[in-house]
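Here are my notes for you, as numbered points. Keep the structure open beside them and look up each part as you read.

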Amino acid sequence: MAEAHQAVAFQFTVTSEGINLQFRREVLKHIYLSGVTSWRKRVIQFKNGILTGVYPASPSSWLFMVIAIMSSMYARVDPSMGMIDSIKKVLPVSEYLTVQSQMVLSAILFATGLWLSLILLMRYTLKSLLSYHGWIFEPHGKMSTSTRLWMRLVKMFSGRRPLLYSFQAALPRLPVPNIDDTICRYLESVRPLLDDDQYKQMETLAYEFKKDQAPKLQKYLQLKSWWSNNYVSDWWEEYIYMRSRGPIMVNSNFYIMDLLYVFPTHRQAARAGNVVHAILQYRRKLERGEHAPMRALGVVPMCSYQYERMFNTTRIPGIETDTVQHLRNRKHLVVYHKGCFFKVWLYYGGRHLLPSELEQQFQYILNNSSEPQPGELKLAALTAGNRVPWAKARQKYFSDGVNKASLNAIETAAFFLTLDDEEHGYDPERPGSMDLYAKSLLHGKCYDRWFDKSFTLVVYKNGKIGVNIEHSWADAPIVGHMLEDVLATDYFRLGYTEEGHCKGDINKGLAFPTRLQWDIPKPCQDIIEGSYRIAKDLADDVDFHGYVFEEFGKGQIKKSKTSPDAFIQLALQLAHFRDKGEFCLTYESSMTRMFREGRTETVRSCTIESTAFVRAMVDETCTKEKRLALFRIAADKHQNMYRLAMTGDGIDRHLFCLYIVSKLVDVESPFLKQVLSEPWHLSTSQTPQQQLNLVDIQKFPKYVGAGGGFGPVADDGYGVSYIIIGENLITFHISSKFSCPETDSHRFGQNIRQAMLDIRALFDQKQKTN
């Protein structure tokens, strides 16, 4: 729309009397307001850059320091112990710089240097304090005197009203674990999965590696940890995500759902209008750094680095490796509906479009009856198939002309929006509704989501929404944080009229969305069709089952003095053993965001202790007392492993980076090769609730999220995501593949349900005995 305004802002004609200029004041007014908004945004970003740069101090503290030094000088007290005089001698004397001016300038320079030194001291002190992690290993509900003192010091050095990125410079770097500890923990993690001969062979490989190759590789890794902000994250992004040449749909992208029970409106355009406006409000606060940083215990800050690439970000395909393109200040959105792409401007006169104005734009697209251009319908299937054909097609067919302009509009858009022509959502009266909802968000029709965008917002015909997220730029809690904020804004701040429309008046002065134009030749259409077939086969093979576990929740689990996550992970181990009759290597993701640019670490949930508990549960001769005792031991073990992973002492990221170093220095390691080739037959993740203050679930029990999920990691394994909602609800998202005869997502879901009930029965029996 801004481009259209500029095009018609003025007209000129050449006549015999000269040039006749014709201006449209209304259009020029909006152009002027847009410019003012852009400059205001730059000023705010500059101001926030200063505030973040000097945190935990404030710019006003500099003035206080200068005044204090100047006052002491006039009182004939030299707090600098001669340093001001030394600075004064360096300064030249001239008609512009008198002796008195020299003294003032010297005092200001000294005060500034002292102020900067104090900032560095405070920041270093805070970093040292944040490097202490003893608090996380203390028993729940009990806090030592030393930890209480530590918390007070952290609060004191954390300053007041921090911005989103205020703590970044004070966060400690992720430490490189000790080689001996990593190998010892690794061998312990695989012991329950190997027989005696296999374990002895692995033990031999591990000790040979520790003796011969590990010292050299570890030195390179330590050097990288001193030089970079995080020794893992850049390699993790490049080698796990960017260099993967297979489809990112299902294999990498994940999804997050709408609220479970609430339908605020059945008008698709209205829901899209409110949600997009709420996202724009969130983006504005994000650009200004106004979101409060996440803090564990309300004290320990989490890294906010991943938020930077939430908007205007696209994964660009390459022949050997992809890249992440991140831009700033893009003011449009690309919308897909029934095979057609539309460009929608999000600003009008220097402000966001209002919800009613956005509804008007989206309703225009819904009412548009034009047919897709040749090749346009399934164009997005290129982002769903293998990466190399997409990269080659992009270079050959989208490097100039209308194709380049239209693709650029998509890749530079704030995000991607699909106005879906299907109806989805969770319906307790309709079995399988959550399964179809999940599959639609995960892959859709394989051509109606732009899987390369940082996220695709999907708005269904019945008003339900969901998000499909590209994984390389961030992890689930980042997008989950945004969606929590957006849903709360949508339901409790914006609202809808009685007829289900967005609140506000219609603006007849808005320009209509514009169709993106394509000129896709037949060879390119064949490539699109090939990518679609690969994606369709992959999508059709996904066996998904989602269900809401309502029998009990976090409240009952906490009464047993057990971590809810440990409880669920042990239930998953029991369910898997009942499902397949064996144990498997299990992946549970934990976060390392207490460190700068931290992302995730792996908790290996299948342990010697958990297998002992599971065997006791399937042994009919075992007493409930013994089962309960083994459960306690296994749960404590799991909690300790989770804490180790969070505090930088995990196994897998360390071994992964050692493997990368071995490849870079051309060292062959049979041990590392074996470790990195082991498949994760059970991959699990918890979607955390992060902003519990946004909605009072006790007051609004229906306003609960459904969480999200991901596709199966192994062809013969399960992917399980779960979210613990409030005190009485847990939602599970289970994925596997139809092509594997050994797996069945629905069957595994039933096994999880039964395992949860069986473990709770141990505590029920204990309570009755007491």
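What volume does the largest cavity have? Point 2 has the answer, after a word on the model.

1. Before you start: this is a predicted model, where local features need pLDDT of at least 70 and side-chain atom pairs count only at pLDDT 80 or more, while totals for chains, interfaces and linings use all residues. Residues are numbered from 1 along each chain as its sequence is written, and side-chain values use heavy atoms, with hydrogens and water left out.

2. The largest cavity has a volume of about 350 Å³. A cavity here is a set of points, on a 1 Å grid over the protein atoms alone, where a 1.4 Å probe fits but cannot get out; lining residues have an atom within 4 Å of a point. Grid points are joined across faces, edges and corners, and the volume is the space filled by probe spheres set on the points. By this rule there are six cavities of 30 Å³ or more.

3. Now see what surrounds that largest cavity. It has 26 lining residues, and L259, E484, L487, Q689 and G705 are the closest to its centre. Helix α16 (476-494) gives the largest share of the lining, seven residues. Helices (H or I, at least four residues) and strands (E, at least two) are DSSP runs, numbered from the N terminus. The lining divides into 17 nonpolar, seven polar and two charged residues. In this count Ala, Val, Leu, Ile, Met, Phe, Trp, Tyr, Cys and Pro are nonpolar, Asp, Glu, Lys and Arg are charged, and the others, Gly among them, are polar.

4. Next, find the open sheet of eight strands, in the order β15-β9-β8-β12-β13-β14-β3-β20, with mixed pairing. Two strands pair if DSSP finds at least two bridges between them. The edges are β15 (514-515) and β20 (708-710), each pairing on one side only. Inside the sheet, β12 (416-419) and β13 (455-459) are parallel over four bridges, and F416 has T456 in β13 as its bridge partner.

5. Stay with β3 for a moment. In a regular strand the side chains alternate between the two faces of the sheet. In β3, F254 and I256 lie on one side, Y255 and M257 on the other, and all are buried (under 20% relative accessible area, with exposed over 50% and partly exposed in between, using a 1.4 Å probe and protein chains only). β3 runs antiparallel to β14, with four bridges, and I256 sits opposite V467. Three bridges join β3 to β20, also antiparallel, with F710 as the partner of F254.

6. Helix α14 (401-411) packs on this sheet, touching β8, β9 and β12, and its direction makes about 105 degrees with that of β8. Contact means heavy atoms within 4.5 Å. Angles run from 0 to 180 degrees between N-to-C directions, and axes are lines fitted to C-alpha atoms, for helices over the stretch in contact. The buried residues of α14 include L407 and I410.

7. Which strands stand at the edges of the six-strand sheet? The order is β16-β22-β21-β19-β17-β18, and the edge strands are β16 (542-549) and β18 (600-604), each with a single partner, so one side of each has no neighbour in the sheet. β21 and β22 pair antiparallel over seven bridges, with Y722 opposite F732.

Notes
On a 1 Å grid over the protein atoms alone, a cavity is a set of points where a 1.4 Å probe fits but cannot get out, and a pocket is an open set with protein on both sides within 12 Å along at least five of seven lines; lining residues have an atom within 4 Å of a point.
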